[in-house]
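Here's a quick tour for anyone opening this structure for the first time.

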Amino acid sequence: MMTDQSNSPAQRALPAVLAATTLSGTLVLACMMPFAAIATIAVLALPIRRALLALVLCWLGNQVLGFGVMGFARDAPTFAAGLSLLAGSLAACVAARRVASGGGPLLAFLAGFAAFELSIFAYALAFGDLAMFAPGIVALVAINDALWFAGLWLGWQVLERTVALAASAKTP
């Protein structure tokens, strides 16, 4: 996990990478956005304030595309579902951060995913929509998030090393 004082070029670029991931993912996957994966990568790679800001901006981009372009219903349950995604994403950030220092990236992701799902489950209980927690659906969401996490983690590692190599090549 990064310290709050770190501000490498890779860290400055990461929020844009996460935003591009969210926007393209929203257009392709709509309701299968990997917010737990995005939250975990953000909190592993960025200072906490920047991680939370990046996460909120990713969520906002998803909502703007959903309601503005993809025609999400404009009713109370849909607005509540959107807010539950934000709450779940923030819960994932907190859980991943707590586990990251002692458990590493994979356990941080698992903690983030569990926190996200528990938060979304609270929404489902309130609105009586427990069908999305059928084992098959949760398994698909878990696989989707795990694949996105693996891809984002790999992308972050490549970005960080590429920037480090470029910086060392410039140093005499």
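Keep in mind that this is a predicted model.

**Helix H2 and Thr 40**
- Helix H2 covers residues 35-45, and Thr 40 is part of it.
- Thr 40 has a relative accessible area of 0%, so it counts as buried, the cut-off being under 20%.
- Beyond its neighbours within four places in sequence, Thr 40 touches Ala 96, Pro 105, Ala 108, Phe 109, Gly 112 and Phe 149.

**Ser 89 in helix H4**
- Ser 89 sits in helix H4, which runs over residues 76-127.
- Ser 89 is buried too, with a relative accessible area of 0%.
- Leaving out neighbours within four places in sequence, its contacts are Phe 35, Ala 39, Leu 55 and Phe 116.

**Where H3 meets H4**
- Helix H3 takes in residues 48-68, and its axis comes within 11 Å of that of H4, crossing at roughly 155 degrees.
- That angle is over 145 degrees, so the two helices count as roughly antiparallel.
- The crossing of H3 and H4 is right-handed.
- On the H3 side the contact includes Leu 52, Leu 55 and Trp 59, while Phe 79, Leu 86 and Ser 89 are among the H4 residues.
- Sorted by type, the residues of this contact come out as 12 nonpolar, five polar and one charged.

Methods
Residues numbered from 1 in each chain as written. Predicted model: local features only at pLDDT ≥ 70, side-chain atom pairs only at ≥ 80, totals over all residues. Heavy atoms only, no water. Helix = DSSP H or I, 4+ residues; strand = E, 2+ residues; numbered from the N terminus. Buried < 20%, exposed > 50% of the residue type's maximum accessible area, 1.4 Å probe, protein only. Contact = heavy atoms within 4.5 Å. Axes fitted to C-alpha atoms, helices over the stretch in contact; angles between N-to-C directions. Parallel < 35°, antiparallel > 145°, perpendicular 65-115°, else oblique. Left-handed = near helix turned anticlockwise from the far one by under 90°. Nonpolar A, V, L, I, M, F, W, Y, C, P; charged D, E, K, R; others polar.
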